[in-house]
Amino acid sequence: MTLLLMAAGSGSRYGKLKQFDDLGPAGEFLMEFSIFDALKNGFDHIVVITKEENQTFLKEHLAKRIGTAVKLDVLVQKIEDIPSGITIGEERKKPWGTAHAVWTARDVIKTPFVIINADDYYGEKAFESAANFIKNQKDFAAFALVAYRLKDTLSDYGSVSRGVCSVKNKTLKSIKERTKIVKNDGKIIDEESGLELSEDASVSMNFWICTPLIFDYTKDYFSQFLADKNNHEKKEIYLPFVAQEMMENGHISVEVLTTNSHWFGVTYYDDKKTAVNTLLNLTEEGTYPAPLWPKV
């Protein structure tokens, strides 16, 4: 089983590269706790998507921690990595989004795999649920999403973007991306639409369980996206949009897995204190060893 971590973001709201901030009690990165949880549940291949300037450092850093028994690929998300036969100008300054980040791994992943954000904490139970799903998976068209309750994914320091899910009989029907959700006087409001959202709404935090079917579909989706030159300068392709289109066209079904795992992220720099304290508490109560990787 493979875990793919998306770690190519710039951390514009956080103020630095949060993927490499030392949040753990022994200076661990947040992604290291997800890798630890994945390995504990039988994952044996780690793939990290990052920027070119971070590739060597990250590969050396993680290799020292996870050892040689686990396969490790650290790949670079490149602007010029586009479907063959398509030409773009030189105006593009940043990669093409989360779906493109996943597509970067098309040559190294051949089996079912989990996708997560490197700058989010998902909890060990989420990986246990994912491992059980993969072990019982009978169809390459069967995908899954680990969902969290909206009220458990908000920040005290500003608005957040969340994919709000429509679920029926544990099956994902649609995802609506709401990009400016805030807590306001005890209510949860989408400021762009003015809608009040249920605190118990299921939301996607980009914890997907996929198969390599997604790579071929993303290639076609990306090609159509690039056919419009208006998309060449700044627009991106997003993983939830690709998954949504695959569902709508009958290529996949997506089971929604619920978990009691605790989620937290570091969207804003002020979120760091909460993250540090939470990881310290989890370590002190025995959820994680200290240090996380004894051999380092």
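User: How are H5 and H6 oriented relative to each other: roughly parallel or roughly perpendicular?

Analyst: Please note at the outset that this model is predicted. Two packed helices are described by the angle between their axes and by the distance between those axes. Here, helix H5 (residues 213-226) and helix H6 (residues 239-248) have axes that cross at roughly 100° and come within 10 Å. An angle from 65 to 115 degrees counts as roughly perpendicular, and H5 and H6 are therefore roughly perpendicular to each other.

User: Which residues of H5 and H6 meet?

Analyst: On the H5 side they are Leu-213, Ile-214, Tyr-217, Thr-218 and Tyr-221, and on the H6 side Leu-239, Phe-241, Val-242, Glu-245 and Met-246. Sorted by class, this contact of H5 with H6 has eight nonpolar residues, one polar and one charged.

User: At what angle do H1 and H2 pack, and how far apart are their axes?

Analyst: Helix H1 (residues 30-40) packs against helix H2 (residues 55-66) at an angle of about 40°, and their axes are 12 Å apart. That angle makes H1 oblique to H2. The crossing of H1 and H2 is right-handed. In H1, the contact is made by Met-31, Glu-32, Ile-35 and Leu-39; in H2, by Leu-58, His-61, Leu-62, Arg-65 and Ile-66. The residues of this contact of H1 with H2 comprise six nonpolar, one polar and two charged.

User: Which element supplies the largest share of the lining of the second largest pocket?

Analyst: That element is H7, with four residues. Strand S6 (142-149), strand S7 (160-168), strand S13 (264-265) and helix H7 (271-284) each supply at least two residues of the lining. By class, the lining of the second largest pocket has eight nonpolar, 12 polar and eight charged residues.

User: Finally, the backbone. Which residues does a cis peptide bond join?

Analyst: The cis peptide bond joins Ala-290 and Pro-291, with omega about -5°. Pro-291 is placed in the segment after H7. Another backbone angle to read is phi: in Lys-170, a residue other than glycine, phi is positive, near 65°. Lys-170 lies in the loop between S7 and strand S8 (171-184).

Key. Residues numbered from 1 in each chain as written. Predicted model: local features only at pLDDT ≥ 70, side-chain atom pairs only at ≥ 80, totals over all residues. Heavy atoms only, no water. Axes fitted to C-alpha atoms, helices over the stretch in contact; angles between N-to-C directions. Parallel < 35°, antiparallel > 145°, perpendicular 65-115°, else oblique. Left-handed = near helix turned anticlockwise from the far one by under 90°. Contact = heavy atoms within 4.5 Å. Nonpolar A, V, L, I, M, F, W, Y, C, P; charged D, E, K, R; others polar.
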